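Hi,

Here is the structure I promised to pass on. Have a look at it first, and my notes follow below.

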Amino acid sequence: MSVCNKVLSIILIFVILHGIPSDGQKKKETLLSEKVGQMMDWASKRAVIRMNGDKFRRFVKAPPRNYSIVVMFTALQPQRQCAVCKQADEEYQILANSWRYSNAFTNRVFFATVDFDEGSDVFHMMNMNSAPTFMIFPSKGKPKKADTYELQVRGFAAEQIARWIADRTDVNIRVIRPPNYAGPLMLGFLLTVVGGLVYLRRNNLEFLYNTNVWAFAGLCFVLIMTSGQMWNHIRGPPYAHKNPNTGQVSYIHGSSQAQFVAETHIVLLFNSAVTLGMVLLHEAATSDMDIGKRKIMCVGGIALVVLFFSWLLSIFRAKYHGYPYSFLMS
């Protein structure tokens with residue numbers, strides 16, 4: 001009997017400390033189980049779950065929820081003319097598929113998307129006035145400022161979004177991209193063309209020792225690197241930004257911490273023009289041409305340097321606010 005009394009005492013103490021699960025708690029656990037099961041079912045069919053207003057309110061906003069969910073607010077319909085949305089969606093799909101089909105996949109994180117034309121009420125609920133926008137809704141608590149992805153600063157490359165998710169959820173996703181044969185094919189084609197030209201000129205390879213050819217090739221490489229093309233390759237920024245409210249397109253990013261692809265093309269063009277102006281000035285001073293042509297080259301060189309350097313400086317002032325100096329243009 002003493003053993004039975006001890007067992008009953010232990011059971012009584014456990015009930016007193018932990019209590020008997022109430023009907024409300026059981027309903028909460030049942031609801032949570034149903035929500036997780038539904039999310040897993042949707043994720044098994046497609047890595048990115050498409051949500052409308054009702055789904056968003058039930059599975060993202062309403063408790064209970066023990067999973068984090070990454071939501072991309074976008075506008076993919078053709079009438080919206082959001083080219084950046086399509087580019088960002090491609091990267092988002094790559095990231096979501098990398099997570100869904102990895103061995104580490106669990107119900108800790110889900111990926112979803114809300115299109116403006118399918119969930120405009122969600123955009124109004126979240127006070128969202130631009131697309132695309134990425135947000136993480138954590139498993140506990142409300143989203144903080146850091147749970148909104150800085151698209152203009154970090155770009156929309158899948159690897160960058162994966163790092164952000166790891167910082168916010170401690171879930172590490174290894175991005176696996178589908179094979180892209182365009183680069184190797186282009187490189188093979190280029191090598192074939194160069195090899196063919198060298199073979200055809202095998203009896204006369206003096207052009208390989210032409211300093212002007214190598215100088216031009218080196219100059220092109222320098223201009224490409226200094227205009228920010230490598231930054232574009234690493235960060236994957238959008239080509240430009242279209243304000244959804246006014247429809248105005250911005251080609252120059254307003255921050256010194258980021259840039260658009262179009263901006264690098266503009267800077268490349270301006271640097272090339274300044275370089276051409278310097279070359280004309282050098283030729284005007286050292287060539288043996290008649291004085292009339294040399295004057296024309298000198299005036300053209302000065303015009304190119306002055307005009308395009310002024311435009312470069314104006315771009316610099318637009319990105320580095322408070323920079324005091326200007327030249328011709330404010």
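Arg57 counts as partly exposed because its relative accessibility is 33% (buried means under 20% relative accessible area, exposed over 50%, partly exposed in between, with a 1.4 Å probe and protein chains only). Before going further: this is a predicted model, in which local features need pLDDT of at least 70 and side-chain atom pairs count only at pLDDT 80 or more, while totals for chains, interfaces and linings use all residues. Residues are numbered from 1 along each chain as its sequence is written, and side-chain values use heavy atoms, with hydrogens and water left out.

Arg57 makes a salt bridge with Asp121, with 3.2 Å between the closest N and O atoms (a salt bridge is a side-chain nitrogen of Lys or Arg within 4 Å of a carboxyl oxygen of Asp or Glu). This pair links distant parts of the chain, as Arg57 is in helix α3 and Asp121 in helix α5 (residues 120–125), 64 residues apart. Helices here are DSSP runs of H or I with at least four residues, and strands are E runs of at least two, numbered from the N terminus. Asp121 is also partly exposed, at 32%, and a network of salt bridges links Asp54, Arg57 and Asp121.

Which residues of helix α3 (residues 53–61) are buried? They are Gly53, Phe56, Phe59 and Val60. Viewed down the α3 axis, these buried residues fall within an arc of 155°, so they line one face of the helix; the arc is that of the directions from the helix axis to the C-beta atoms.

The whole structure has nine salt bridges. Among them, Arg177 pairs with Glu91 at 2.5 Å between the closest N and O atoms. Arg177 sits in the loop between α7 (158–169) and α8, and Glu91 in helix α4 (residues 83–100), so this bridge ties together parts 86 residues apart in sequence. Glu91 is buried, with a relative accessible area of 13%, whereas Arg177 is partly exposed at 36%.

Arg168 and Asp147 also meet in a salt bridge, at 2.8 Å from N to O. Asp147 is buried at 3%, and Arg168 is partly exposed at 33%.

**Annotated spans**

The unreviewed UniProt entry lists residues 181–200, 212–231, 266–284 and 296–316 as "transmembrane region"; such annotations may be inferred rather than shown by experiment. In the model, residues 296–316 are 100% helix and 0% strand, with end C-alpha atoms 30 Å apart. Residues 212–231 are 90% helix and 0% strand, and their end C-alpha atoms lie 29 Å apart.

Best wishes
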